[in-house]
Amino acid sequence: MPERIIQTSGLTKIYGEVTAVDHLNLEVDEGEVFGFLGPNGSGKTTTILMLMGLTVPTSGTGKVGGYDIIKNSRDVRRIAGCLPEAAGYYEDLTAKQNLDYFGQLSDLPKPKREKRINELLEFVGLEKWKDVKVEKFSRGMKQRLGIAQALIKDPKIVFLDEPTIGLDPQGTKEVRDLILRLNREQKLTVFISSHLLYEVQQTCSRVGIIRQGRLIATDTIENLSRGLAKEEGYCVEFELDRMTRRLIVEIKSIRGVTSVVEEGGKLYVHMDRDNRAEVSRAITKHGSTILLMKPQEYTLEEIFLRYYKEAR
Amino acid sequence: MAGAMTVFRKELSDHLGSKRYLILFAIIILLSTLSAYQGVDYIKNNPNAGFLAIFSGGRLAFSFISLMTIFGPIIGLALGFDSINKERTSGSLSVLLSYPIFRDSVLNGKFLAGVTALASLVVSTIIIMCGIAVPMLGFGPTLEQVASMVALALLTILYLAFWLSLGLLFSVLAKKTSTSMLASVAAWLFSVMIVSIIAALVANLMVPLPFQPLGSPENFRGFGAATQTEEYRALIQMRSEIQTNISRISLSNLYSEAASSILGIRASAFFVALGAQQQIRPSLAQGIAASWPHALAIFVGMLACFVISYMRFLRLEIRPGG
């Protein structure tokens, strides 16, 4: 039974009149790569800030690694690493000096610190650049330094807030591979916030969808899309050599068919369950030939757009 | 104080290696060297003046005290004005605070590092000035004069620390470094210039002097006579008192007065403005007694700035990037 590493109940943050996070109940197990998915301004960053003790919740409580995020926030910060959104480093210090400062802040003794810094620089592929000032770094390099920074205290869990934002495809892939390696090789729990569906799909074992501060779904991506398909029903695209009005009426009368739409010489048959056999039998009985039959699948993007709309 | 020492060490090495600090240090060393030469010159021409006159004497009314009164604030502000908001905009503050340190450690560490940098600047300046003056004069300070120098150094460090904490306050209050820089410049101008101008104006309104057109020959001849009358002297005295009291709003003037008392010079803002000074040579104890309320006022100012920054910083919402 994996341990529950994040648990919040009724976590709420109100900025003035804006409710950034609204009664959030979130559970993340140890060893997961959890994706926190939501559009910009939906409360992802605020949630991470509250979990890390960088901002105080208006109401509600939470625990990270067994420590209360309000009363024991220093203990939380001892076991949780964080790569905040738009993180910055000390530009006139080298990569190594930056990491050394963060290592000191994590109370690592000098020999252990040096060993850890060298390991991490190698892990993120910056060992060649360790004595170069950070001001000379590209965005991708800074982000990799940020991951090294989040790992220096040897955390149980890392929070990565939009880790690939503003990176080119190469940089994105590097960061994504690092995240997966972390989870696989070091059994680290990773909490990623993102609005990029593809990224979440590539890396995360489970996702939570947040919209306007509310958690509207939590599950694996497959389950989420399956659940949506069930709700939305099943749609099959047919291409026929001959189409008549009578045929359409006939298909409509088949059990399970909810609607039939003719568009651009094609038929889109919506059903509440898979009843392709009966529909095709009806078509052949009518004397038409099926040239193409293709079940329509929702792209992930459509699924999540649907989720956002639904919650509105 | 978890983390405060780490922040302190990092900030101090940042300061000591920063171009900003080195440039200001170079200017101060250059100017104080010049003022030490002038002081030596003054002592040679005034047998009554003691060793301490190297810090106050000078034909151009330019001395260590006036240097620190006017340039000191710039050094203090320069080390403080962007210490928090720069990290806020760059995003390193949210990274820093995700470590197991208390939030106040950040402020304490930064403040202590700034004070240490300022103290090393003040102490080394004083030592360099003595190093120049002693061989030229052929004699050194007495023990009491050394004690006076220590008191002067402490007062100067306190005065610069006030400006540091004001800079720190601006850096907590303003999100942008450009805003806090402008606020710093405004505060500096207010303290070293505007208050004195206002004081002079008010004094002139309250106690106008009899009208004397400048340049007319009979007036020029009569000027000496007119200034000798009791009535005229009383007027001047009253004006100077009003002016001094008003100018005490500015901590710069307080510092200048207190530093002068410690060195045994009676130099009110009014006399400093005239470029004149009167050597009265009281004991160090008297000097410290006279400067004590001033030092206390500067200390309270420093504390107030620090406490407000502290309270604001603890409640600061750390949204990355601004």
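Here is a short tour of the predicted model in your viewer, stop by stop.

Before you start, note that chains are lettered from A and ligands numbered from 1 in the order in which they are written, while residues are numbered from 1 along each chain as its sequence is written. Because this is a predicted model, local features need pLDDT of at least 70 and side-chain atom pairs count only at pLDDT 80 or more, whereas totals for chains, interfaces and linings use all residues.

**Stop 1: chain A as a whole**

Switch to a cartoon view to find eleven helices and 15 strands. These are DSSP runs numbered from the N terminus: helices are H or I with at least four residues, strands are E with at least two.

**Stop 2: two domains**

Now colour residues 4-219 of chain A as domain 1 and 232-299 as domain 2; such bounds come from an automatic or database domain assignment. The centres of these domains, taken over C-alpha atoms, are 48 Å apart.

**Stop 3: A:Lys230**

Next, select A:Lys230, which sits in helix α8 (residues 221-232) of chain A. Is A:Lys230 buried or exposed? A:Lys230 is exposed, because 11 other C-beta atoms lie within 10 Å. The cut-offs are 20 or more such atoms for buried, 12 or fewer for exposed, and partly exposed in between, with C-beta atoms placed from the backbone.

**Stop 4: the nonpolar cores**

Show A:Phe159, A:Phe191 and B:Leu155, which are among the residues with the most contacts inside the largest nonpolar core, a set of 139 residues. A nonpolar core is made of buried Ala, Val, Leu, Ile, Met, Phe, Trp, Tyr and Cys residues joined through C-beta atoms within 7 Å. Helix α7 (residues 143-173) of chain B gives the most to this core, 17 residues. A second, separate core has eight residues, including A:Ile251 and A:Met271.

**Stop 5: where the chains meet**

Finally, show both chains: 21 residues of chain A are in contact with 17 residues of chain B, where contact means C-beta atoms, placed from the backbone, within 7 Å. On the chain A side, α3(A) supplies the largest share, four residues.

Conventions:
Two residues are in contact if their C-beta atoms, placed from the backbone, lie within 7 Å.
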